[in-house]
Amino acid sequence: LASVGSFSGTGGVRGMLEVDGIGIGVIGRTIQQFNAGGSATVLGGIPSDGWVGMARNARQAGTQTLIVCDGIGKYVQGGSVIDVTDTDFGTPLDVACVGNHFVTIDASGYLRASEINDATDWDNIAIAGAQANPDGGMRVLARGKSVLAFGPRAFEEWAYSGADSGLPFQFQTATDIGCYAAGSVIAAPIVTKDLVTSSIAWAATDQYGSFAGVVLLDGTSPRKISSHSVDRDFRRCADPSTIRASAYTMDGHSYIAWTIPDETTWVYNTATNLWHEQLSYGYDHWRVGSICVIGNTVLAGDRASPTLYRIDGDVHTEGSDPHVMTIQTPTLHAFPDPITMHQVYLDCATGVGLN
């Protein structure tokens, strides 16, 4: 992690989104605009500390970026932060954009859609309940021309219909696999030796709401990818609402990271299907909270401070801190029998260090 700049104010980086070559971020209780070089400007504020949902549209007269948090909605347009005042906006927990409609979900599981490319206009009939399983709502994500709505015991797919009245999405399927933590859901790149695609991953629950593992969506079927050791750390989390996910691609590998405060950060490599832990110096987890890409620069925001980094494989520190790595070999055993090891060869390439 190479430090590229600091945001104004205090607090960690809670969310970032690239919009037409610039970044929009929520840092502490401020909304700021920044570039790949780390230069940032405060645009406004948001008076809440919960999960931050962000989405942008393709409005030709000025792109709008809608930010929702704990039922509050604000949009950024032309460098200004403006409140959403339409009384039909509701109290959303998350937002996505499909077909240039902003789509939100509230705690009761209701989906609402804005007019096309207009964060200010919400119709009181453009609403429907994602309640095949009446478990409420937590997250909403875009997947192609569909919206996925997540609750604590199930998720649903609603396909874009383009209807002129009512909600412009039509119910397709419901699956009794829910969401354990809102911040664990992420749309992530998938890179393997013969495939480049995208999917959605999250910490899942079974139909009764019990933690069931980390899953990756294959078509409409969630496939479990976590090991028992990963699962144990998720279950040990005292407050699942603090779990956060991030993802990035570098050097032909894509990584999906889940930070579990007071436990660790587990990272899944989609090219190798292997997990590793990512810990920052002096922390019990990785210091990165959110990631966005501007141009060819992969930017990472610090969870605990208003600091912006660049992820770079040629940088061997995290800001000013050392990057410490531990490699553990697999256990070799013949239990319950004894084992004799006659020789051990260690082939090492030693480094010369850095000045």
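Reader: Which residues of helix H1 are buried?

Author: The model is a predicted one. A residue counts as buried when its relative accessible area is under 20%. In helix H1, which spans residues 228–236, the buried residues are Val230, Asp231, Asp233 and Phe234.

Reader: Why do the buried residues of H1 line one face of the helix?

Author: The view to take is down the axis of H1. Seen that way, the buried residues line one face because they fall within an arc of 160°.

Reader: Which strands do the buried residues of H1 pack against?

Author: Packing is judged here by contact, meaning heavy atoms within 4.5 Å. The buried residues of H1 pack against strands E20 (196–205), E21 (211–218), E22 (221–224), E24 (253–260), E25 (264–269) and E26 (274–277).

Reader: How many salt bridges does a search of the whole structure find?

Author: Side chains of opposite charge can pair when their charged atoms come close. A search of the whole structure for such salt bridges gives a total of 14.

Reader: How many residues apart in sequence are the parts that Arg56 and Asp20 tie together?

Author: Arg56 and Asp20 form a salt bridge, with their closest N and O atoms 2.9 Å apart. Arg56 lies in strand E6 (residues 53–56), while Asp20 is in the loop between strand E2 (13–19) and strand E3 (22–27). The pair therefore ties together parts whose separation in sequence is 36 residues.

Reader: Is Asp49 buried or exposed?

Author: Asp49 meets Arg29 in a salt bridge at 2.9 Å, N to O. This pair links distant parts of the chain, 20 residues apart: Asp49 is in the loop between strand E5 (40–45) and E6, and Arg29 in the loop between E3 and strand E4 (30–34). Arg29, at 45% relative accessibility, counts as partly exposed. Asp49 has 52% relative accessibility, so this residue counts as exposed.

Reader: Is Glu318 buried or exposed?

Author: The side chain of Glu318 meets that of Arg287 in a salt bridge of 3.9 Å, N to O. Glu318 lies in strand E30 (residues 317–318) and Arg287 in the loop between E26 and strand E27 (288–294), so the pair ties together parts 31 residues apart in sequence. Arg287 counts as buried at 8% relative accessibility. With 3% relative accessibility, Glu318 also counts as buried.

Key: Residues numbered from 1 in each chain as written. Predicted model: local features only at pLDDT ≥ 70, side-chain atom pairs only at ≥ 80, totals over all residues. Heavy atoms only, no water. Buried < 20%, exposed > 50% of the residue type's maximum accessible area, 1.4 Å probe, protein only. Helix = DSSP H or I, 4+ residues; strand = E, 2+ residues; numbered from the N terminus. Arc of directions from axis to C-beta. Salt bridge = Lys/Arg side-chain N within 4 Å of Asp/Glu carboxyl O.
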